[in-house]
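Here's a quick briefing to read with the model open in your viewer.

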Amino acid sequence: MEKRKDLLVAALENGTVIDHIPTEKLFTVANLLKLDTFHEPVLIGNNLNSNKIGKKGMIKIANRMLSDDEISRLAVVCPNIRLCIIRDYEVVEKKEVTLPDTLENVVRCANPVCISNNEPMRSFFYVTDKLHGMMRCHYCNKEQKIENAEFYQLFNVKP
Amino acid sequence: MVNRSIVSIADYSHEKIQYLLDMAQEMEAHSNRKILEGKVVATLFFEPSTRTRLSFETAANRLGARVIGFADPKATSSTKGETLKDTIKMVSNYADVIVMRHRLEGAAKYASEVTDTPIINAGDGANLHPSQTMLDLYSIYKTQGRLNNLNIYMVGDLKYGRTVHSLLMALSTYNPTFHFIAPKELEMPNEYKMYCKKRGVNYIEQRDFTAETIADADIIYMTRVQRERFTDLMEYERVKDAYILRKAMLEGCRANMKILHPLPRVNEIERSIDDSPHAYYFEQAGNGLFAREALICHVLGITLDDLKNDKTIIN
Ligand SMILES: [Zn+2]
């Protein structure tokens, strides 16, 4: 039974599985990771059954690990996502993605008169409340909700 | 090299604040010196502010420094699209300290990250204005002999008033009791009330501004209620005269009570109060000179001991 469900999305020899993605966020995550630019096999599944969250999305990426920067971006969109590292069809590592203490060049400041939105420079935030997803801009000091934030530079996708 | 920039004083310890107050006091005792002879102070006003600029430039001049800079961004290449970083990098080659004011929030913080030349934040949009806060603290310290356990009344525009927000944060660790007296549309923003709550700071919100409500005040910090801040002009007409401090209201007040105002004033303090012993707003502006002299010296690495043993004092 368990096995058949897994087979809905083909098994991976080596790579990364991003599991427990909320269904409505699946395509945001796909955009965020720029999956369209990947050359290795990528499998995307949505509305799969999950004991944990009812329905879920899942992405399997062959022969690739995610960078810390990519993981930070993922955490901003879905703070409770799970990563599995696969080697030889075996899960060798499970990672709960959590918000980092700081976010550099991940999201934009919501304050239009913040210097970080008006100069060619980095953005930088302190995550002040991981539970409620709040952050404070290092430059203008404005406290803001992480989930409302717009992605920085390349990733112009609303979470 | 340690960057001694002053971008914010919100997280300074009591010891550090007291040290800067002591420096300001030393400056007041002898405000004309040549301690900065041979130094160049740049005043970069990307946003015009005549009062603040004159105060900083006077401070630099009275300490023997020379001043370069601009008073209006129209005269600079920032209007030609030059980045703030490039302007700061360029001026860093010329000046020993950069005093800057900018319309954008966080501009001074960013500037302090792109150069080793110390930056003094002379206001970054609605964000911070530490030299104003220092002169307010100095005025309170000088008139009350302390900063702790005071009844601080903030009156008028508490929503947009950057000076009252900075002062609130700076005083929050000194066990104050704040009274916020403002019309509904201009009341103290929630984030500052939360700031007080989180730190266990007492505050009372009031709409009425009468002799009774201010009887226990040690400090009354007045601000201007501006017409353009109102979305509802009927509301403005209704409240515009309700937040004027009148001479008759001072009869029952404490003897030590002082009235502060960041200036310019329009009509929110009756002119007949100017001669009252409670009026302190002009002296407060004067204190800005000593506070700014202290800040400029501090970022240049000059200590309180240096000031006390200063052989360059003129008077
Ligand atoms: Zn910001």
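A residue is called buried when its relative accessible area is under 20%, exposed when it is over 50%, and partly exposed in between (1.4 Å probe, protein chains only). By that rule, Lys56(A) and Asp19(A) are both buried, and the two form a salt bridge whose closest N and O atoms are 3.0 Å apart.

What you're looking at is a predicted model, where local features need pLDDT of at least 70, side-chain atom pairs count only at pLDDT 80 or more, and totals for chains, interfaces and linings use all residues. Residues are numbered from 1 along each chain as its sequence is written, chains are lettered from A and ligands numbered from 1 in the order in which they are written, and side-chain values use heavy atoms, with hydrogens and water left out.

**Salt bridges within the chains**

- The rule here is a side-chain nitrogen of Lys or Arg within 4 Å of a carboxyl oxygen of Asp or Glu, and over all chains it turns up 22 salt bridges.
- Back to the opening pair: Lys56(A) sits in strand S3 (residues 54-62) of chain A and Asp19(A) in strand S1 (residues 14-21) of chain A, so that distant parts of the chain, 37 residues apart, are linked. Helices (H or I, at least four residues) and strands (E, at least two) are DSSP runs, numbered from the N terminus.
- Lys130(A) and Asp101(A) also meet through their side chains in a salt bridge, at 2.8 Å from N to O. Lys130(A) is in the loop between strand S7 (124-129) and strand S8 (134-137) of chain A, and Asp101(A) is in the loop between strand S5 (90-96) and strand S6 (102-104) of chain A, so the pair ties together parts 29 residues apart in sequence.
- Lys130(A) counts as partly exposed because its relative accessibility is 44%, while Asp101(A), at 54%, counts as exposed.
- In chain B, the side chains of Glu187(B) and Arg207(B) form a salt bridge (2.8 Å, N to O). Glu187(B) belongs to the loop between strand S6 (177-181) and helix H7 (190-198) of chain B, and Arg207(B) to the loop between strand S7 (202-206) and strand S8 (219-222) of chain B, so parts 20 residues apart in sequence are tied together.
- Glu187(B) is buried with a relative accessible area of 19%, whereas Arg207(B) is partly exposed at 37%.
- Those two belong to a network of salt bridges that links Lys184(B), Glu187(B), Lys193(B), Glu205(B) and Arg207(B).

**Where chain B meets chain A**

- Contact means heavy atoms within 4.5 Å, and on that basis chain B puts in 13 residues and chain A 14 residues.
- Leu104(B), Glu105(B) and Tyr110(B) supply 47% of the area that chain B buries against chain A, more than any other three residues. Buried area is the accessible area (1.4 Å probe) that two parts lose on being put together, summed over both.
- The area buried between the two chains is about 1,100 Å², with 52% coming from carbon and sulfur atoms.
- There are 2 salt bridges across this interface. Glu113(B) and Arg122(A) meet in a salt bridge through their side chains, at 3.7 Å from N to O.

**Around helix H2 of chain B**

- Helix H2 (residues 50-62) of chain B has 13 residues and should span 18 Å at 1.5 Å a residue, which agrees with its end C-alpha atoms being 18 Å apart. The expected span is 1.5 Å times one less than the number of residues.
- Among the buried residues of H2(B) are Thr52(B), Phe56(B) and Ala60(B).
- The buried residues of H2(B) pack against elements of chain B including strand S3 (97-102), strand S4 (119-124) and helix H9 (281-299).
- Gly64(B) follows H2(B) and has a positive phi, near 90°.
- S1(B) and S2(B) pair in the parallel sense over 5 bridges, where pairing takes at least two DSSP bridges between strands. Val41(B) stands opposite Val67(B) in S2(B).

**Around strand S8 of chain B**

- Ile219(B) and Tyr221(B) point one way from S8(B), Ile220(B) and Met222(B) point the other way, and all are buried.
- S8(B) runs parallel to strand S5 (residues 151-155) of chain B, joined by 4 bridges, and Val155(B) stands opposite Met222(B).
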